[in-house]
Amino acid sequence: MNPQIDPNMKSTMKKCVLASLMAVASLHLTAEVRLPSVICDGMVLQRGQPISIWGWADSDENFTLCWRDACYLVTADSEGRWELTLPAEKAGGPYSMSIGEKEINDILVGDVFLCSGQSNMELPVIRTYDLNKEEIEAEDFEYVRQYRLTPDLEIPLKGEESICKLPENDWVKASGKGKYEISAIGFYAAKRIFKEKNVPIGLILSAQGGSNIESWMCEEDLFETGTKEEQIAPFRGKGALKAYVDEGNKKTVAWRENTIDKDFSIEEALSEGVKIKMPCIIADEFFGSVWFVKEFDLDKQIEGECLL
């Protein structure tokens with residue numbers, strides 16, 4: 001038996017269905033999607049590997065992500081987190097990506113390198129300008145870009161999940177004055193690779209001058225190498241490690257201010273210096289710094305780059 005539906009009711013149902021569809025579409029369009037700072041205009045994605053895009057939205061929110069020739073329906077979980085893995089791509093660009101109402105432009109696909117270490121990796125191009133001015137200013141590299149990470153001064157309380165928050169930094173192009181702030185090692189290596197492979201190059205700079213190896217280790221590895229919980233405990237919790245670092249910086253500034261009038265020049269030090277024959281023991285007990293100076297003659301035939 002087929003149910004009989006009044007024609008007027010059919011019209012009403014059509015209107016209700018259409019209104020519902022419009023409401024759902026409206027929700028998709030107005031989804032308040034939030035992204036980590038590394039996913040922004042000018043970013044460089046790794047070629048030949050699945051591409052992970054992630055972020056946050058309202059819990060159970062639906063929205064659309066469009067990339068290249070495809071669109072994907074994305075749903076945030078109950079805590080508002082979402083992640084989508086896109087197919088691997090060949091090198092190319094620039095491309096655009098839409099995520100909800102957000103539009104990301106000037107996206108490149110190429111090779112991405114992690115540049116990590118201490119001050120030798122952190123040293124920016126501008127610090128090498130006097131020696132390499134001609135090479136630096138010779139040409140710009142629009143397809144060489146850097147995203148910089150900064151130290152995370154938060155250690156979670158015991159048992160709490162560590163939450164990684166990326167700094168609010170942009171991708172910087174190796175062109176114009178932008179190239180000055182890029183890692184010097186990264187810049188010189190990246191432009192050579194770009195010329196050889198002709199693919200976009202992305203640099204993720206994660207370097208901190210003077211940092212020790214423990215700063216780069218996870219808790220499990222620290223404990224395995226002998227570190228005790230009581231050594232870490234004072235620095236756990238929001239703001240604890242930052243307060244310790246800030247206090248150390250204040251003491252350093254105070255020390256410099258208190259010793260600046262006690263400093264001396266090289267000329268003064270040499271005038272009070274004593275001659276010694278190496279090797280030898282300078283002192284049985286000593287705390288401080290020793291300046292060692294040796295004079296020697298260079299062959300006049302040695303010139304230019306041979307001196308470096």
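Because the model is predicted, local features need pLDDT of at least 70 and side-chain atom pairs count only at pLDDT 80 or more, while totals for chains, interfaces and linings use all residues. Residues are numbered from 1 along each chain as its sequence is written, and side-chain values use heavy atoms, with hydrogens and water left out.

The protein chain has 8 helices and 10 strands, where helices (H or I, at least four residues) and strands (E, at least two) are DSSP runs numbered from the N terminus. Of its 308 residues, 27% count as buried, a class that means under 20% relative accessible area, with exposed set at over 50% and partly exposed in between (1.4 Å probe, protein chains only). Contacts are defined by heavy atoms within 4.5 Å, and among those in the protein chain with a separation of 6 or more, 68% come from residues 24 or more positions apart.

The structure holds 8 aromatic pairs; rings of Phe, Tyr and Trp (its six-membered ring) pair if their centres lie within 6.5 Å, and planes under 30 degrees apart count as stacked, over 60 as edge-to-face and the rest as tilted. The rings of Tyr147 and Trp171 have centres 5.8 Å apart and planes at 40°, so this pair is tilted. Since Tyr147 lies in strand E8 (residues 141–148) and Trp171 in the loop between E8 and strand E9 (172–174), the pair ties together parts that are 24 residues apart in sequence. Tyr147 is buried, with a relative accessible area of 1%, and Trp171 is buried at 9%. An edge-to-face pair is formed by Phe187 and Tyr188, at 5.2 Å centre to centre and 65° between the planes; Phe187 is buried, with a relative accessible area of 0%.

Pockets were assigned on a 1 Å grid over the protein atoms alone, as open sets of points where a 1.4 Å probe fits, with protein on both sides within 12 Å along at least five of seven lines, and lining residues have an atom within 4 Å of a point. The largest pocket has a volume of about 1,500 Å³, a volume being the space filled by probe spheres set on the points. Of its 35 lining residues, the closest to the centre are Asp152, Glu214, Ser215, Trp216 and Leu241. The lining of the largest pocket divides into 18 nonpolar, 11 polar and 6 charged residues, with Ala, Val, Leu, Ile, Met, Phe, Trp, Tyr, Cys and Pro counted as nonpolar, Asp, Glu, Lys and Arg as charged, and the others, Gly among them, as polar. The second largest pocket, of about 1,100 Å³, is lined by 28 residues, of which Ala269, Gly273, Val290, Trp291 and Phe292 lie nearest its centre; its lining has 17 nonpolar, 3 polar and 8 charged residues.

Ser206, in strand E10, is buried, with a relative accessible area of 16%, and, leaving aside neighbours within four places in sequence, is in contact with Leu114, Cys115, Ser116, Gly117, Leu149 and Trp216. Arg47, in the loop between strand E1 (44–46) and strand E2 (51–56), is partly exposed, with a relative accessible area of 29%. Arg47 and Asp111 are 64 residues apart in sequence and 6.1 Å apart in space, C-alpha to C-alpha.
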